[in-house]
Amino acid sequence: MNDKNVFKEDKLNYAKSSFLKIINSLDNSDQIKQFNEFVNNYLAKEIEDIDDFSKNNAILEEIKDKLRNKLSITAEAPNENIIIPETTDYEGYTKETTVNVDAFLYSDKDVEELGLNGQLKNYYCTDCGSKNVESLNFISHSASILQLRYIFEHVLNGIKINDKIVLDIGSRLGGVLYVGYLFSSARKLIGIELNQFFANLQREIIQEYNMSDRLEIIQDDIMNHPQLLQTADIIIMNNVFQFFHSIPIQQAIWSFMRANTKPSTLIITCPDLKEQLVDANCTNIDFDKWVKEIKLKIPYKKSQLTEDDWEDLKLIYLYEVL
Ligand SMILES: C[S@@+](CC[C@H](N)C(=O)[O-])C[C@H]1O[C@@H](n2cnc3c(N)ncnc32)[C@H](O)[C@@H]1O
């Protein structure tokens, strides 16, 4: 038995002996019967939650597999025009040296395996034919499952979410929506997606998994739906405009967002909203008058995560509209 198992076994033995102590501390058979009823009810609920959790995990895995089979590894839509931003974060990234691998569909471990069995190149040759190679740059246009679970299970944990409407701007494959549906009790989750191909794909999944009671997809530009921003209690934006629009269009969308979000709406962004406004050169938007940042604390120990996973969680920010 390894150390971890010895530790687990110790905990179980400790729980058993504590339980016996509690039983022995009771005065009579009546108290024992009442305690029995309490324990049975409590454990039945706990076991139901554990079963729901495993069932929802299995559904999410199934959805991921379905999407993997429908898409190429890059998970781009046919004729999709992705623009690599000209910011310092993406210095040296070009169409030739950058690969899009979707983090919702493929974890870092999956990417490693794809590289090892030759389905994905990790390097490019700087002068063809030689061994002079450089690592490729990997980017993802979806949030990872770890980031999504962190959002719904921790960032939004203290909020009474069952009466809230969540809006994901640029919902793409629908990852935010499926995780929100399976791992939160949000009243409604709406995804708006510009790209017809992705909107159809999400609708197919929602129909197949009977999720339309709480999920809805709108295929359009967010700029045509100011009332959606008014209805939403929580808005999620995962680097939604930078790779898809020129700087002047990004500026117009951010001005629209600034003008139409209502006070007390929560906004979750990845990365930092301030940085996104600076990158798009939105000098007309006074960040401090628009939103207040609510500081987040990652609930895991650094040693429990890989360096990359830790960095991915640090990219998530929460704001409240003033
Ligand atoms: C980075 S992806 C975000 C994916 C998803 N929300 C997630 O976190 O996994 C951004 C998506 O936003 C869409 N998009 C870009 N501009 C948009 C707009 N003005 N209105 C609606 N969708 C937009 C793009 O087509 C793209 O699929």
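1. A salt bridge here is a side-chain nitrogen of Lys or Arg within 4 Å of a carboxyl oxygen of Asp or Glu. Asp110 and Arg68 meet that criterion, with their closest N and O atoms 2.9 Å apart. Asp110 sits in helix H3 (residues 108-116) and Arg68 in helix H2, so this pair ties together parts that are 42 residues apart in sequence. The model is predicted.

2. Asp110 counts as buried, at 19% relative accessibility. Buried means under 20%, so Asp110 at 19% falls within that class. Arg68 has 24% relative accessibility and counts as partly exposed.

3. The structure holds 15 salt bridges. Another of them joins Glu216 to Lys188, with the closest N and O atoms 2.8 Å apart. Glu216 belongs to strand E7 (residues 215-219) and Lys188 to strand E6 (residues 188-193), so the bridge ties together parts that are 28 residues apart in sequence. Glu216 is partly exposed at 30% relative accessibility. Lys188 is partly exposed as well, at 28%.

4. Salt bridges with shared partners join Lys160, Asp163 and Lys164 into one network. Within it, the side chains of Asp163 and Lys160 meet at 3.3 Å, N to O. Asp163 is partly exposed, with a relative accessible area of 35%. Lys160 counts as exposed, at 56% relative accessibility.

5. Now the ligand. Which polar atoms of the protein lie by its nitrogen and oxygen atoms? Arg172 places a polar side-chain atom 3.1 Å from a ligand oxygen. Asp221 has a polar side-chain atom 3.0 Å from a ligand nitrogen. Leu194 takes part through its backbone: a polar backbone atom there is 3.2 Å from a nitrogen atom of the ligand. Taken alone, the ligand exposes 610 Å², and the protein buries 98% of that.

6. The shell around the ligand has 21 residues. The closest are Ala143, Gly170, Glu193, Asn238 and His245. By class, the shell divides into nine nonpolar, seven polar and five charged residues.

7. One surface feature deserves a look. Phe38, Tyr42, Leu43 and Ile47 form a nonpolar patch, with about 430 Å² of accessible area together. Tyr42 lies in helix H2 (residues 29-70).

Conventions:
Residues numbered from 1 in each chain as written. Predicted model: local features only at pLDDT ≥ 70, side-chain atom pairs only at ≥ 80, totals over all residues. Heavy atoms only, no water. Patch = residues over 30% accessible without salt bridge, like charges linked within 9 Å, V, L, I, M, F, W, Y side chains within 5 Å. Areas by Shrake-Rupley, 256 points an atom, 1.4 Å probe, with all protein chains shown as cover. Helix = DSSP H or I, 4+ residues; strand = E, 2+ residues; numbered from the N terminus. Near = heavy atom within 4 Å. Polar contact = N/O pair within 3.5 Å; in protein donor to acceptor, adjacent residues only side chain to side chain. Nonpolar A, V, L, I, M, F, W, Y, C, P; charged D, E, K, R; others polar. Buried < 20%, exposed > 50% of the residue type's maximum accessible area, 1.4 Å probe, protein only.
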